[in-house]
Amino acid sequence: MEEGKGSTLVHILAVALCLTAFGFAIAAERRRSTGTIVTDNTNASYCVYDSDVATGYGSGAFLFLLSSQSLLMGVTKCMCFGKPLAPGGNRAWSIIYFASSWLTFLIAEACLIAGATKNAYHTKYRHMVYAQNWTCESLRKGVFIAGAVFVVFTMILNVYYYMYFAKATSQSARKTNKASSTVGMAGYA
């Protein structure tokens, strides 16, 4: 491992988990539930929805993104615990990327869980329809896409956060070692 670069395994795992979440979010968007109006033998109309696969994909995307964020925050100890960060540009950038990644993470998770919940709601319940011009409600297009976009933003910000965090902690360790190694305690005879 190069000095101040961080663990390559952590980078690979974080990116792989985010890309998996992205794939699930795209799959959820493509498989959103759609409904058709069906009239039964009592002349009552209701909506029948196709499969509920998008809810599972949306939930999967939510969990993979949560795993990626948890991995990174566990390794860096959420930047609050563990090694101190050396003052300077690397610490400033790691703080900026930390805050930004949490913001995009929360937006992505909100989009994914809201999409999965709304999709599940439409597929689990039948609504009786008595109006002539009725369309079956479905999840608005783009909810899972918005989640997927913010998953990518979170992934990029997390990579930069971890990179600058590793630089700032290794810089702090080098400054501490240099300061302690240059202090001479030799006596004069």
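Among the elements of this predicted chain, α1 has the highest mean pLDDT (96) and strand β3 (residues 128-129) the lowest (51), pLDDT being the predictor's confidence in each residue, from 0 to 100. Helices (H or I, at least four residues) and strands (E, at least two) are DSSP runs, numbered from the N terminus. Over the chain the average pLDDT is 83, and 80% of the residues score at least 70. Where pLDDT is low, the predicted coordinates should not be read in detail. As the model is predicted, local features need pLDDT of at least 70 and side-chain atom pairs count only at pLDDT 80 or more, whereas totals for chains, interfaces and linings use all residues. Residues are numbered from 1 along each chain as its sequence is written, and side-chain values use heavy atoms, with hydrogens and water left out.

The unreviewed UniProt entry annotates residues 6-27, 95-116 and 143-165 as "transmembrane region"; its positions are given in the numbering used here, feature names are shortened, and annotations may be inferred rather than shown by experiment. In the model, residues 6-27 are 91% helix and 0% strand, with end C-alpha atoms 32 Å apart. Residues 95-116 are 100% helix and 0% strand, and their end C-alpha atoms are also separated by 32 Å.

We turn next to the interior. A nonpolar core is a set of buried Ala, Val, Leu, Ile, Met, Phe, Trp, Tyr and Cys residues joined through side-chain atoms within 4.5 Å; buried means under 20% relative accessible area, exposed over 50%, and partly exposed in between (1.4 Å probe, protein chains only). The largest such core has 15 residues, and Leu65, Leu112, Phe144 and Val151 have the most contacts inside it. At least two residues of this core come from each of α1 (8-30), α2 (53-75), α3 (89-124) and α4 (143-181). A second, separate core has twelve residues, including Val10, Leu85, Tyr97 and Ala168.

Leu65 is one of the buried residues of α2, along with Gly58, Ser68 and Gln69 among others. Setting aside residues up to four places away in sequence, Leu65 touches Cys18, Ala21, Phe105, Ala108, Glu109, Val151 and Thr154, contact meaning heavy atoms within 4.5 Å. Thr154 belongs to helix α4 and counts as buried because its relative accessibility is 0%. Beyond its neighbours within four places in sequence, Thr154 is in contact with Leu65, Gln69, Ser101, Thr104 and Phe105.

Helix α2 itself has 23 residues and reaches 33 Å from first to last C-alpha, close to the 33 Å expected at 1.5 Å a residue; the expected span is 1.5 Å times one less than the number of residues. Tyr57 is also placed in α2 and is partly exposed, with 27% relative accessibility. Its contacts, not counting residues up to four places away in sequence, are Phe24, Ala27, Ala28 and Arg31. Tyr57 and Ala116 are 59 residues apart in sequence, yet their C-alpha atoms are 7.9 Å apart in space.

After α2 comes Lys77, in the loop between α2 and α3. Lys77 is not a glycine, although its phi is positive at about 55°. Cys78 lies in the loop between α2 and α3 and has a positive phi near 55°.

Strands β1 (residues 35-39) and β2 run antiparallel and are joined by five bridges; strands pair if DSSP finds at least two bridges between them. Gly35 stands opposite Tyr49 in β2. Strand β2 (residues 45-49) is largely enclosed by the rest of the structure, because four of its five residues are buried. Five residues lie between the strands of this hairpin, where Asn43 takes a positive phi near 65°.
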